[in-house]
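Please read the following note alongside the sequence and the model.

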Amino acid sequence: MSIELIGIIILSVVLGVVLAAYERLIRKLDKYQREQEIIDAQSKQRAAKIVEAAKEKALAILENTKIDAKESQEDIDKKLEQITNKQMDYYKELLQSISENIKDDAKKVLEQQATGAQNTVIQKIEDDYSEAKKQVEAYKQEQMKQIDARSGEIIKEFTRLALGKAMPEELKQALVMEALEEAKKTYAA
Amino acid sequence: MQPKLEDIIATVEDQHQLLEELAALEESLYKTNEGKWEETLNSKVRPEVAEIIVREIVNAGNDKKKYLREMIDAVKQMKTMKITLAFAPTTNLVNNITKWIKLALGAGIILKIDIDKNILGGARIAFDGKYYDGSLKQKWENTWQEKGKEFLKQFNYG
């Protein structure tokens with residue numbers, strides 16, 4: 001037997017072994033694939049069941065929740081109404097109190113303002129009166145000065161005219177000599 | 001009693017006039033022409049003044065130059081009393097004032113008289129650095145200060 005033949009035989013054997021192994025592997029893969037499909041199908045069924053159950057449960061929960069919510073809402077509404085009523089009553093009382101206080105305060109404020117205004121007006125009148133009195137007094141003093149000055153001037157002028165024209169020569173000379181005597185006394189003093 | 005030269009000087013005007021006369025006589029002494037002194041005495045000096053001068057020169061020993069020089073100096077040195085009157089004084093008043101001055105203050109004082117009608121009467125006197133207002137106006141104002149307000153009260157101005 002030639003080497004070549006031996007080789008061919010060996011190769012053939014190897015090939016046969018490989019092929020057999022390959023076939024076994026293929027079968028195994030098919031088996032796994034079918035099992036996987038079964039598992040997948042079962043899983044899907046199970047999942048579907050779970051989902052359905054969950055859905056039902058959820059619906060039930062939702063239904064219950066609605067009922068609870070409705071009850072709760074009613075309670076809340078009632079409570080809110082009660083609170084609101086209480087608050088309203090409180091607010092009414094408070095408002096009434098505030099209103100009365102405001103009235104009282106306003107009255108006081110008005111009274112104070114009226115009193116203040118009255119005092120201010122009285123003070124203003126007194127100030128004005130005082131100022132007017134001062135002005136009248138100043139005017140009176142000024143008039144007095146003018147009268148004083150004018151009266152003096154008039155009388156002086158009259159005196160000058162009267163004395164200057166009507167004074168006898170003897171009197172004129174006597175007044176001059178008298179002035180000299182007075183001057184002498186003043187110098188001597 | 002014979003009048004002296006100083007007796008004829010009562011006012012500043014008198015002083016000026018006499019000084020002019022004395023100066024003319026003094027000047028004539030330095031003229032060379034004969035009779036100049038007599039001529040000046042007759043033409044430029046008032047007769048009553050000339051009479052006094054001639055007499056006083058004789059009494060002083062006929063030294064004309066000395067007499068004139070002393071007289072001019074004395075007249076120039078006379079003190080002046082300034083007196084303000086309300087009217088032009090008569091000669092009689094000026095004489096009375098002059099007499100009073102000689103008696104009261106002594107000789108050698110002349111008057112400078114001013115007129116101010118506003119003083120009404122009396123006199124304002126300034127002499128030897130002193131002043132006295134003896135005018136009727138001042139007296140009137142003093143009286144007005146004292147009694148003016150009381151006077152006005154009678155008319156309900158007070």
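1. Basis of the note. This is a predicted model, in which local features need pLDDT of at least 70, side-chain atom pairs count only at pLDDT 80 or more, and totals for chains, interfaces and linings use all residues. Residues are numbered from 1 along each chain as its sequence is written, chains are lettered from A and ligands numbered from 1 in the order in which they are written, and side-chain values use heavy atoms, with hydrogens and water left out.

2. Confidence. The model scores ipTM 0.81 and pTM 0.51. Where pLDDT is low, the predicted coordinates should not be read in detail.

3. The two chains. Chain A has two helices and zero strands, whereas chain B has six helices and four strands; these elements are DSSP runs, helices being H or I of at least four residues and strands E of at least two, numbered from the N terminus. In chain B they follow the order α-α-α-α-β-α-β-β-β-α from the N terminus on.

4. Burial and surface. Residues that count as buried (under 20% relative accessible area, against over 50% for exposed and in between for partly exposed, with a 1.4 Å probe and protein chains only) make up 41% of the 158 residues of chain B and 8% of the 189 residues in chain A. The accessible surface, from the Shrake-Rupley method with a 1.4 Å probe, comes to about 9400 Å² for chain B, with 48% belonging to carbon and sulfur atoms, and to about 16100 Å² for chain A, with 61% belonging to those atoms.

5. Strand pair. Strands β1 (residues 79–85) and β2 (residues 109–115) of chain B pair in the parallel sense over seven bridges, where pairing requires that DSSP finds at least two bridges between the strands. Between β1(B) and β2(B) the chain passes through helix α5 (residues 91–104) of chain B, in a β-α-β crossover that is right-handed, meaning that the path from the first strand over the helix to the second runs clockwise with the strands pointing away from the viewer. Within the pair, B:I83 has B:I113 of β2(B) as its bridge partner.

6. Salt bridges within chain B. Over all chains, 12 salt bridges are found, each being a side-chain nitrogen of Lys or Arg within 4 Å of a carboxyl oxygen of Asp or Glu. B:R46 and B:E21 form one of them, with their closest N and O atoms 2.9 Å apart; because B:R46 lies in the loop between α2 (36–43) and α3 (47–59) of chain B and B:E21 in helix α1 (residues 12–28) of chain B, the pair ties together parts that are 25 residues apart in sequence. B:E21 is buried, at 4% relative accessible area. Another salt bridge joins B:E26 and B:R69 at 2.8 Å, N to O, and links helix α1 of chain B with helix α4 (residues 64–76) of chain B, the two residues being 43 apart. Here B:E26 is buried at 16%, while B:R69 is partly exposed at 33%.

7. Between the chains. B:K139 forms a salt bridge with A:E182, the closest N and O atoms lying 3.2 Å apart, and this pair crosses from helix α6 (residues 136–153) of chain B to helix α2 (residues 169–188) of chain A. B:K139 counts as partly exposed, at 23% relative accessibility.
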